[in-house]
Amino acid sequence: MQLKRVSSVLLVSALAFSVTACSGNGNNAQNEPAATKAAAESTNAGGNASATNAAGNVDETGWDGSKYVEPITLTTVKGIGTNYFFKNGETMENNVMQSYMKDNLGIDVKYDWIVTDTNDAYKTKLRLMLSSGEKMPDVITYRGDMETVNMLIDSGQFMDIGDLFDKYAGDNYKKGVELNADTWLPVTRDGQRMALPVLDYAYNDDMLLWLRQDWMDKLGLQPPKTLADFEAIMDAFVNKDPDGNGKKDTLGIATGFKNTFLGWMGDISWLFGDYGTLPGQWNKSADGTLTYGSIDPGAKQALATLKTWMDKGYISKDSGLKDENGAAELFTKGQAGALVGRNWMPDWPFGDLLNNVPGAKYKGYPLPAGPDGKIGAQSGNPSVNGWMLINKDAKNPEALLRYYNFFFDNWANPEKGSEFENGFAEGYDWAKLPDGTITKDPQKYPDLFPDYADRTHLVEPIYYTLTFEGARQPSLYADTMSKLANGEAPVTPYEIQSAAIRKPENIEAMKIVLEQKDIRMKNYFQGPLTETMKQKNELLNKLINQTYSKIIYGQSPIDEFDTMVDNWKKSGGDQITKEVNDWYNSASSK
Amino acid sequence: MYYKTTGYRLFTVLNYCILLLAGILCILPIIHILAISFSASAPANSHLVGLWPVDFNIESYTKTLNNPNFSRAFVISLGRTVLGTFMTMSVIILAGYALSKDASVFKSRNIYAWYFVFTMLFTGGMIPSYIVVRNLHLMDTIWALVLPGAVQVFNMILLMNFFKATPKEMEEAALIDGAGHFTVLFRVYLPLAMPSIATLSLFSIVGNWNAWFDGLLYINNYRNYPLATFLQTIIVQQDFSKLNPDVNELKNISQRTVKAAQIFIGILPVLIVYPFLQRFFVKGIVLGAIKE
């Protein structure tokens with residue numbers, strides 16, 4: 001009786017939990033038909049642009065050369081990143097940036113909704129808008145996967161911005177776009193340009209080799225030129241007890257390939273590059289066609305090498321279970337002696353290494369060359385870091401370009417003595433000390449940075465902009481860093497700032513990246529997912545990742561690779577290759 | 001006596017072992033989070049913290065408690081939980097009482113019962129719900145969080161069965177003494193059903209406190225997020241692959257200790273409420289137990 005009671009309690013509570021669990025994750029956005037095209041709540045695009053001033057130099061949009069005579073409204077939606085900090089009393093809708101743009105340009109930005117953008121919350125809300133048939137705001141800015149950008153374009157609610165760009169984009173913006181011949185490729189549909197690129201600093205995502213310099217010095221090792229050199233170094237890291245604790249607990253290189261073999265930190269794709277291919281992307285083959293790097297014969301050699309590394313303990317036994325962050329942790333806790341990553345890693349996460357391991361030192365090196373002298377690495381961001389779409393019904397579609405131009409002209413690389421020389425606004429992201437020097441330290445000078453909610457962060461209004469971080473000239477960052485690395489004195493405000501806040505290791509790393517820029521291997525496929533990709537990608541990626549892991553862990557012989565390639569081709573790979581090449585031919589012929 | 005046999009003793013020991021193991025599995029993650037929240041950030045970010053804090057400090061707690069967004073979300077969640085639980089309980093008590101009557105007393109009982117069960121089995125899904133909430137102009141209000149989930153059909157059925165199991169004679173006696181339905185419900189049924197009410201309230205409290213997805217969908221301003229949504233947005237790993245070379249930005253990333261502190265404060269209310277309601281559990285949701 002007692003027992004019966006307990007078991008029925010268990011049963012019922014289990015039931016109750018399963019019911020609540022089921023109703024909890026109604027995450028079936030894709031399958032839901034967009035039933036009713038609901039009359040959207042009035043998003044009220046565009047304000048009172050009709051009342052145009054008749055003064056001579058005011059054009060038909062109400063622009064007098066520097067501002068809208070009658071302020072106009074731009075509606076948009078916003079995903080707030082983790083770098084958005086506000087002063088007490090300020091919000092996304094009401095802050096120093098908002099009022100500056102309204103007062104000085106006559107552009108009033110209004111938000112239909114605002115979401116904290118982690119875990120794809122912004123994407124979820126956008127897609128919800130799309131599938132519920134809600135009316136889109138004047139401007140949508142998106143930074144993330146191309147698939148969502150394509151969905152937005154395909155919704156048909158946005159305009160061809162080609163003519164607008166040609167007519168209204170400023171010289172600095174145009175120059176930045178021209179730097180990269182393929183900038184428009186991903187958003188071109190039937191010759192129409194459907195979205196404006198958000199430009200970012202070039203070379204910022206490129207890879208270099210970081211080594212524990214204190215270990216190198218202790219063991220008397222020389223910088224690696226070739227893969228063989230590097231293996232010797234890793235061997236010393238593993239077997240010669242570089243951390244001096246008497247235990248064999250160190251690794252050669254920190255890496256993790258749980259999700260991908262083409263990671264953004266703790267990357268291992270460079271090893272494939274040493275054999276002439278890069279996995280997980282579309283490389284150009286000798287005959288000019290595009291081929292998938294993961295099935296390239298070079299990948300087989302790379303996997304064989306990786307297996308020996310696993311056997312010899314150069315990489316962690318858990319590498320197959322670690323993502324990028326997990327890989328970096330191996331380095332920052334002082335267990336691994338090498339890591340392949342980006343130039344800015346001294347700022348994060350290497351600070352943790354210095355805290356965890358007193359006396360640790362790290363230094364950047366060029367990637368070593370493979371047995372045939374080949375080196376290859378990811379080409380990082382193609383200086384585009386997001387897209388902006390403009391609604392067909394927007395009253396002032398050109399306003400976004402004027403907004404962006406303003407930041408290109410005044411913010412991206414300000415002159416000495418100009419308005420934004422030190423930052424956006426005094427008391428926000430900079431302040432002047434009594435002796436005239438500029439500080440950006442709210443912790444040390446609380447009086448100069450009033451109304452801060454949290455003094456560990458600098459409040460940077462520039463992130464509140466529609467265009468993510470004002471504007472960035474793609475070439476500026478790399479040029480400045482290499483200038484500084486060559487020992488030249490900083491002159492412009494941007495250079496002076498960079499020199500002041502960049503760590504020496506970071507400056508040096510950027511120089512290495514630029515010296516090694518010929519090793520960049522571009523992903524040539526930038527179009528929307530092809531039909532077969534939509535159906536098969538998941539399956540094919542699983543096939544590849546599983547086979548790769550099995551080979552590395554020694555569960556399958558290396559020749560399993562060839563079987564996998566056959567399977568890949570048969571299960572849709574050949575079709576995808578054809579579609580990718582068709583896309584490339586049609587896109588590049590224009 | 002059967003409980004003195006070796007087999008029974010063995011069974012008891014084994015039972016305790018399994019339950020102990022299950023208990024440890026539940027408690028370890030909480031201790032781990034607690035340890036991280038009291039650690040310095042560098043070891044926490046490199047996964048060097050196990051069950052004991054490294055470089056003990058309480059900075060992450062002072063930071064969390066000074067964060068206006070956190071406290072606002074906490075208050076919103078409290079309000080939502082109180083309001084939501086009150087509404088759910090009112091609705092399911094009233095509906096459960098009515099449906100516990102026979103079809104002879106309450107003529108269209110079966111139609112209503114099927115109506116409820118139907119909604120339990122078939123839901124519209126995310127997008128239709130979203131459209132309904134939007135067109136009712138509930139977006140961005142606390143009602144969007146409370147109303148759509150107010151009728152917990154499964155809990156209502158539990159309560160209905162509990163009412164049904166209450167002896168008819170008690171109700172009849174009350175009716176003869178001149179009581180109306182409300183008096184019967186509040187003076188006779190509810191006092192007897194207290195264990196069930198307490199248990200179902202706990203379900204509702206926990207459910208309201210932990211729900212995060214509706215906050216994300218229906219709240220258009222991040223400053224009005226309930227706590228679970230707020231925590232969800234800060235805890236889940238961000239996409240670092242989109243990082244820009246902004247030194248000030250990079251400095252702010254390592255916050256694992258603060259996240260841990262926020263998680264811990266977030267689960268505190270439920271931890272506190274639970275022991276007080278737990279004793280009702282055993283009696284609370286027993287279906288069909290004999291009470292005569």
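**Exercise 1.** In this predicted model, work out the order of the strands in the open sheet of chain A, and decide which strands stand at its edges.

*Solution.* Begin with the sheet as a whole, which is open and is formed by four strands of chain A in the order β8-β11-β7-β12, with mixed pairing. Next, look at the two ends of that order: β8 (251–254) and β12 (362–365) of chain A each have a single partner strand, so one side of each is left without a neighbour in the sheet. Finally, from one strand to the next the twist averages 25°.

**Exercise 2.** Describe how strand β7 of chain A is joined to β12(A).

*Solution.* Strand β7 covers residues 208–212 of chain A, and four bridges join this strand to β12(A), the two running antiparallel. Within this pairing, W210(A) stands opposite G364(A) in β12(A).

**Exercise 3.** Locate L51(B), and decide whether L51(B) is buried, partly exposed or exposed.

*Solution.* In chain B, L51(B) is found in the loop between α2 (41–45) and α3 (59–66). Its relative accessible area is 45%, and because this value falls between the limits of 20% and 50%, L51(B) counts as partly exposed. On the surface, L51(B) belongs to a nonpolar patch together with L20(B), I24(B), I27(B), L28(B) and I31(B), and the accessible area of these residues together is about 520 Å².

**Exercise 4.** Examine residues 73–99 and 260–277 of chain B, which an unreviewed UniProt entry includes under the feature "transmembrane region".

*Solution.* Residues 73–99 of chain B are 100% helix, and their end C-alpha atoms lie 37 Å apart. Residues 260–277 of chain B are likewise 100% helix, with end C-alpha atoms 26 Å apart.

Notes:
Residues numbered from 1 in each chain as written. Chains lettered and ligands numbered in written order. Predicted model: local features only at pLDDT ≥ 70, side-chain atom pairs only at ≥ 80, totals over all residues. Heavy atoms only, no water. Patch = residues over 30% accessible without salt bridge, like charges linked within 9 Å, V, L, I, M, F, W, Y side chains within 5 Å. Areas by Shrake-Rupley, 256 points an atom, 1.4 Å probe, with all protein chains shown as cover. Salt bridge = Lys/Arg side-chain N within 4 Å of Asp/Glu carboxyl O. Buried < 20%, exposed > 50% of the residue type's maximum accessible area, 1.4 Å probe, protein only. UniProt positions renumbered as here; feature names shortened; annotations may be inferred. Pairing = 2+ DSSP bridges. Axes fitted to C-alpha atoms, helices over the stretch in contact; angles between N-to-C directions.
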